[in-house]
Amino acid sequence: MAEITATINGRQVKAKEGMTILEAALESGIDIPTLCHRPELVPIGACRICVVEVEGSRTLVGSCHTPIAGGMVIHTHSDKVLATRRMIIELLLASHCGSCYMCDKANICELRKIAADLEVGLPRFQMRKNYYALEDISPYIVRDLTKCIMCRRCARACREVAGHNVFGIAYRGFDTKVVVDFDQPIDKEVCRDCGVCISFCPTGALGKPREAKEEKRGKPLIITS
Amino acid sequence: MSKIGEGITPQSQEKRDLLVLLERAQSRSGYLSKRTIAGLAESLGLSISEVYGVATFYSFLSIKPQGRNVIRICKSLPCYLKNAQTIIEGVQREIGIKPGETTADGRFSFELTNCIGACDKAPAMMINDDVHGDLTPKKISQILKAYK
């Protein structure tokens, strides 16, 4: 493939034709945060966290899905880019379920990590939150859709990585949600125990059921002296 | 110019035909039943959740049984600025149901929808395939009389 030269953050960078801006940046040691994108998946540019400034472009572009071209002048961390990323995270947090203190996935949460990296605190916007009942009838997976940020990584991983097609995206606007069959709780009939989507979920929306027996059904510890 | 959906048969096997097939099923039986959705998913090689997703995204498709006549009032900005709220309330008073509901006699379903492209005649509504524009609360009962 033909090699091209572009400028990222004032530095000359070599890249191969067909690479995305994100791939080229990563290869030259420039870190761009991503949320809906994973290298294993086809990029969809849904979350906009990876936006960068390309000189001459009317708008910021999503680096995960925009091919790099020779002569491009790209800024990955300009004031405008950082302000935009912060606003996106703030909006995501505003419609996210609530307090991280209540979440057992808080410290493996990508949303929270990016918020911390970008120094975003409590969102300024107070808005009503969707309530979805916890789906815990499956022995393989627990879904808590109040924590879902609609990145669609679960649906794409199920289709593109696991080779199943369990999830669909239903409804519209603020009501949009990831559904199973006719919007019913995920059970062991539609989804087996491959667990691929769980590892792809960036938040605490998908998880493995906690085994009560491990915590409660062991032999009581009796100390005799 | 070819008509939309021309050449797409009920036996069609292409995923890209989904929307046209859903629209046809809807106009045949008034709504999209679970059986219809599952059947389409099966024949197109899609999952039920994908077909359900498309069926619930479009406001002109319905997964609930509909009345014989479907009233759709535009809730977008131009109609809003021309007092669509008074029309919504007027229809509500006239047929006694709220948006999203169907009258007990099955005569009307009532829904709010996004722009129907009749901004020049705002506030506007559609009943089945007919557009009614420049509405005032007074005109409502006269218009509804035509739909039995």
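**View 1. Chain B is built from 6 helices and 5 strands.** Here helices (H or I, at least four residues) and strands (E, at least two) are DSSP runs, numbered from the N terminus. The C-alpha trace of chain B spans about 50 × 35 × 25 Å along its principal axes. This is a predicted model, in which local features need pLDDT of at least 70, side-chain atom pairs count only at pLDDT 80 or more, and totals for chains, interfaces and linings use all residues. Residues are numbered from 1 along each chain as its sequence is written, while chains are lettered from A and ligands numbered from 1 in the order in which they are written. The average pLDDT of chain B (the predictor's confidence in each residue, from 0 to 100) is 90, and 92% of the residues score at least 70. The model scores ipTM 0.83 and pTM 0.83.

**View 2. Five strands of chain B form an open sheet.** Their order is β2-β3-β1-β4-β5, with mixed pairing; two strands pair if DSSP finds at least two bridges between them. Which strands lie at the edges? They are β2 (101-102) and β5 (130-132) of chain B, each pairing on one side only. Strands β1 (residues 69-74) and β4 (residues 125-127) of chain B run antiparallel and are joined by 3 bridges. Look for B:Ile71, which stands opposite B:Ile127 in β4(B).

**View 3. Helices α2 (residues 34-44) and α3 of chain B pack together.** Their axes are 8 Å apart, at an angle of about 120°, which makes α2(B) oblique to α3(B). Axes are lines fitted to C-alpha atoms, for helices over the stretch in contact, and angles run from 0 to 180 degrees between N-to-C directions. Angles under 35 degrees count as roughly parallel, over 145 as roughly antiparallel, 65 to 115 as roughly perpendicular and the rest as oblique. Residues in the contact include B:Ile37 and B:Leu40 of α2(B), with B:Val51 and B:Tyr52 among those of α3(B). Two residues are in contact if their C-beta atoms, placed from the backbone, lie within 7 Å.

**View 4. Chain B meets chain A.** The contact takes 9 residues from chain B and 13 residues from chain A. Which helix gives the most to the side of chain B that touches chain A? Helix α3 (residues 48-57) of chain B does, with 7 residues.
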